[in-house]
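Welcome, and please open your viewer. We will take a short walk through the model, one selection at a time.

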Amino acid sequence: MMEASLLIVDDEEIALRNLQHVMEKAGYQVTATQSGATAVTLLASRRFDVVLTDLRMEGVDGMDVLKTSRELQPEAEVIFITGYATAESAVQALKHGAFYYIAKPFRLDEVRKVVAEALEKVRLRRENDALRREVEGYREGEGIVTQDVDMQRLLEIARQIAPTDCSVLITGESGTGKELFAKYLHKHSTRTDGPYVAINCGAFSEQLLANELFGHEKGAFTGASALKKGLIEVSSGGTLFLDEVTEMAPSMQVKLLRVLQEREVLRVGGTRPVKCDVRVLAATNRDVGEAVKEGHFREDLYFRLNVVNLNIPPLAQRKGDIPLLAQHFLLKYASRMRKPVTRISSEVMALLVDYPFPGNVRELENLIERGTAMAQGDTIEVAHLPEALQKRESIDFRRMGGRLPTLEEQEQSYITQVLDEVQGNQTAAAQILGINRASLWRKLKARRNEESSSK
């Protein structure tokens, strides 16, 4: 249960005390008053998660309380309870931002349910806001958002080598963010004011790639009506990023090796080399060592490019980054689509962390983009995910010693599973579990005490 603070406002003493008793029994911290004016004063001095207020009161009424709450504590939810319910007043209350409208006489279990739903919305909003602030805190360079220890180590290496002109080979599965590291290296280098040029070597035939990289002289071939500078020449003074470099034909590998050795380029059809001052960064999703052994990639070119190697781990190995990245992409696409989507439900986050992400960060970005586009309100829900992902089971109920586990045992098992998935990061684990960090700490402490007492 969320630790919560409630403000109850009702000028009928019996109704006020009944609500106070029920809410305190449910475990909430309750402040009760019969005065709307007192409620306004309290809102200016203390923080509340949910405000339950009567609509019609002498002097300062429920609408005044709602207005003050929206101004001073916009993150709090306001629930109206009134004995003068009309369709018009209900519409006005909801229009001005009330969470719910309950007519008297009401059932106490109905009020408890509505309060719980309001608190869930408050919790989700605050946790998403905290995660958004955390995203900004972890933001590095060109969109590298991470709290993973291995990624932080790679970023530190990148910071150290960025000012140098050494070649860097960036390896890792497709979609892990190899070009983000290339952009990071360029941005933090002494060449940051020069051009950054990128090309996918696997997207061109040998002849087209030669023309793109080296350019051509006028009249070099049919249709070459003017001189064309290649990308190597164009990126002089800056950085050239060669993506999927292992897809380059052997003859092209020889020409690239010459560029790296001699710092000059020979245009197609040219006779005089042109000096070029360019830093080369390369990337591949293949095992370069295997490609060298199989004769698909020149060993001498490999050594020239692999002065420093940055191997980007797959997203499945850095589960703790998933909540941060998901929020990062939500901010990006909500802004781009001009939609008021600000939150990701805890159920969606649990599914995302449990998912192996064969497409890595690129696949996560695609899922959040889709979820943002599909969302009708302010939250990405499970229904906004692809059907295949919706059907995944995030909890595996295993028998323990031939019996089904108790609820407490299953809870502890799931907490352990989530902590393992996020490499022990309690902030990320609490976000996935849908509880605050203090509650998670207490559950872990209780488990440790139980384990020590049983020894």
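Start by selecting helix α1, residues 13-25: at 1.5 Å a residue its 13 residues should span 18 Å, and its end C-alpha atoms are 18 Å apart, which agrees. The expected span here is 1.5 Å times one less than the number of residues. Helices (H or I, at least four residues) and strands (E, at least two) are DSSP runs, numbered from the N terminus.

Before going further, a word on what you are viewing: this is a predicted model, where local features need pLDDT of at least 70, side-chain atom pairs count only at pLDDT 80 or more, and totals for chains, interfaces and linings use all residues. Residues are numbered from 1 along each chain as its sequence is written, and side-chain values use heavy atoms, with hydrogens and water left out.

Stay on α1 and colour Ala15, Leu16, Leu19, Gln20, Val22 and Met23, the buried residues of this helix. Buried means under 20% relative accessible area, exposed over 50%, and partly exposed in between (1.4 Å probe, protein chains only). An α-helix has 3.6 residues a turn, so residues three or four places apart point the same way. Just after α1, click on glycine 27, whose phi is positive at about 100 degrees.

Next, select α6 (residues 149-161) together with α7 (residues 178-187): their axes lie 9 Å apart and the helices pack at about 35 degrees. Axes are lines fitted to C-alpha atoms, for helices over the stretch in contact, and angles run from 0 to 180 degrees between N-to-C directions. Show side chains for Met151, Leu154, Leu155, Ala158, Arg159 and Ile161 in α6, which meet Phe181, Tyr184 and Leu185 in α7. Contact means heavy atoms within 4.5 Å. These contact residues divide into eight nonpolar, no polar and one charged. Ala, Val, Leu, Ile, Met, Phe, Trp, Tyr, Cys and Pro count as nonpolar, Asp, Glu, Lys and Arg as charged, and the others, Gly among them, as polar.

Now move to serine 189, in the loop between α7 and β9 (196-200). Is serine 189 buried or exposed? Serine 189 is buried, with a relative accessible area of 8%. Leaving aside neighbours within four places in sequence, serine 189 touches Ala162, Pro163 and Arg279. Glutamine 160 is 29 residues away along the chain, and its C-alpha atom is 9.8 Å from that of serine 189.

For the last stop, select α13 (residues 321-337) and α14 (residues 346-354), whose axes come within 9 Å and cross at roughly 120 degrees. Look there for Ile322, Pro323 and Ala326 in α13, which meet Met349, Leu352 and Val353 in α14. The residues of this contact are six nonpolar, no polar and no charged.
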